[in-house]
Amino acid sequence: MNKPVNSADIHKAIVQEQAAQDRKKLILNGVLLLILLAAPFVIYPVFLMKILCFALFAVAFNLLFGFTGLLSFGHAAFLATGGYTTGYLLSNYSGLSTEMGIIAGTVAATVLGVGFALLSIRRQGIYFAMVTLALAQLVYFFFVQSEFTGGEDGMHGIPRGELLGFIDLANNFNMYYFVLVVFIACYLLVQRIVNSPFGQVLKAIKQNEPRAVSLGYNVDRYKVLAFVISAALAGLAGSMKSVVFQLASLYDAHWHMSGEVILMTLVGGMGTLLGPVVGATFVVNIEYQLSQGALRDWVDPILGVIFVITVLAFRSGIVGEIQKFVKKNLG
Amino acid sequence: MSMIFGVPLAVLSGQLLIGIINGAFYALLSLGLAVIFGLLKIINFAHGAMYMLGAMTTVLMFDYLGVNYWVALLLAPLLVGAFGVAIEYFLLRRIAGQDHIYSLLLTFGVALIISGVLVNWFGVSGLRYSMPEMFRGGVNLGFMFMPYYRAWVIVAALIVCFATWFVIEKTKLGSYLRAGTEDSQLMQGFGINVPLLISLTYGFGVALAAFAGVLAAPIYSVTPVMGSATLITVFAVVVIGGMGSIGGAIITGILMGVIEGLTKTFYPPASSAVIFLVMVLVLMFRPSGLFGKEA
């Protein structure tokens, strides 16, 4: 059996294998893209946009939780800051084009993210989760007491306006394709980040932080950067959400929302790229279906049960379990 | 009437009293969190729900079974503690070897279930629990009016805190507990039933929360959602104090209650946020916490 192995052959085999996988991925992504492009003709566009906004929120959260190993329990703060900032600016400055409002909301969330990151990375593990939760509660109090948020009533009638000054976003189809483009751009950005050398360091921090430190990486700087990028994307999701629904409410700032994004990421598959998207789709659909039926008052406990089952029985999430299955049976 | 910094003494001392009482609750709750954290290395996100269960059990036992306050003070922590042991045995134990983040998420899910189910049964408006007869009224201390019940809350909380400290630091059971914190595998090797110890520890920590819930029933509005906001504040208290020492948890809890009370007197709008602001300051200047050993 001792056949001489040529290293060039091995190299060739690896390249072929890689090419075959890339082809498969390309086909899969192409099919997904076609579905997303055609979807608004079949399904109500506002519902789809809701899924896309939450998917972006979960993708942002997963960059921190799934790839860097930092469990933030305060991501609702960024979603709400993005939403409120964009909503306030678009409602009060009619000359402002929609994309500028969204950019401003994202910037506001980014700045807040810098503050959160610098404070929270001073503690590790479980303390990190508690610090982010407490800081988010502080932000919640601020929004409750501020006049401009409308307090318990929320901020209503945010104008969708025009994109770049000439695309009317009041049209649901225009709005949908705009949200889709932003979502895909962000998804590709996160994919690029995760596969970059920077992303490799993040994964190293997740797997073994002391070793990453001993290899000479300034771990805190990487953590802060990952946190800020995650906060910025979460803010962007909130900004777009407020434009889509023309509404920004306290619910987005509540700790409940921070829990929901954790659930989305966990159910879909933390540490996978597609996982949070699948998870967000799943959770938004479940919530919608439940709210229509006899179980409409039982959404919270049912989400809790899903939480418990996911943690106990399939921690890899939907996408993670499918990947495992494919590897075992078809790979 | 005598004034201090432009505030009548009676108002100031009244707010201070409320602050000390809130602080006693923070101390009891963070003590339970610290006990659980010591052996299980997890943060119990269901702690607020257990506190709420203690209060709800007290009200419901009185309404439906006529169980009086003193019996509830004993029975509610026992029931909730047993419930905690069941949660540990049936759920937390199954993921004991996994990353601690999972057990934290598991307790979060449990909290969602408990409070969600109770919201469905009882709504979010407060249930009424009438003050036990012997605690009605109060005594005039000259500079302020001291309701009997509030005095009792402070005394009871301090007794339980001290008893917990005594058991953990001075008794044989406590020495097992502390040894388990250091190296549970070695202790198992010495023939001590560590899984049982873990179950009982979780049950005991949860029972402390329920005890706080019983104390809270006559003075706070009892609702299925009363636990969550309190728990987040207690998390901030825990971050400020660190969970390294039992005494530290108690002192920080009461101190934060007092600071909250003082803020309510001098600048009311900031009173709900002040503990979180203290947490930010502590993170900036003493990141390991006031009594913390680890970062």
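Colleague: How many nonpolar, polar and charged residues does the lining of the largest cavity have?
Modeller: This is a predicted model, and the largest cavity in it is lined by Ser30(B), Val237(B), Val238(B), Gly241(B), Gly242(B), Met243(B), Ala249(B) and Thr252(B). Because Gly counts as polar under the classes used here, Gly241(B) and Gly242(B), both in the lining, fall on the polar side. The division by class is therefore four nonpolar, four polar and no charged residues.

Colleague: Which helix gives the most residues to the lining of the largest cavity?
Modeller: Two helices of chain B, H8 and H9 (246-266), each supply at least two residues of that lining. The helix that gives the most, with three residues, is H8(B).

Colleague: What is the volume of the largest cavity?
Modeller: The count comes to one cavity of 30 Å³ or more. For the largest cavity, the computed volume is about 30 Å³.

Colleague: Is H1(B) roughly parallel or roughly perpendicular to H8(B)?
Modeller: The axes of H1 (residues 9-40) and H8 (residues 226-241), both of chain B, come within 9 Å and cross at roughly 70°. Because angles of 65 to 115 degrees count as roughly perpendicular, H1(B) is, relative to H8(B), roughly perpendicular.

How values were computed
Residues numbered from 1 in each chain as written. Chains lettered and ligands numbered in written order. Predicted model: local features only at pLDDT ≥ 70, side-chain atom pairs only at ≥ 80, totals over all residues. Heavy atoms only, no water. Axes fitted to C-alpha atoms, helices over the stretch in contact; angles between N-to-C directions. Helix = DSSP H or I, 4+ residues; strand = E, 2+ residues; numbered from the N terminus. Parallel < 35°, antiparallel > 145°, perpendicular 65-115°, else oblique. 1 Å grid on protein atoms, 1.4 Å probe; cavity = no way out; pocket = protein on both sides within 12 Å on 5 of 7 lines; lining within 4 Å. Points joined across faces, edges and corners; volume = space filled by probe spheres on them.
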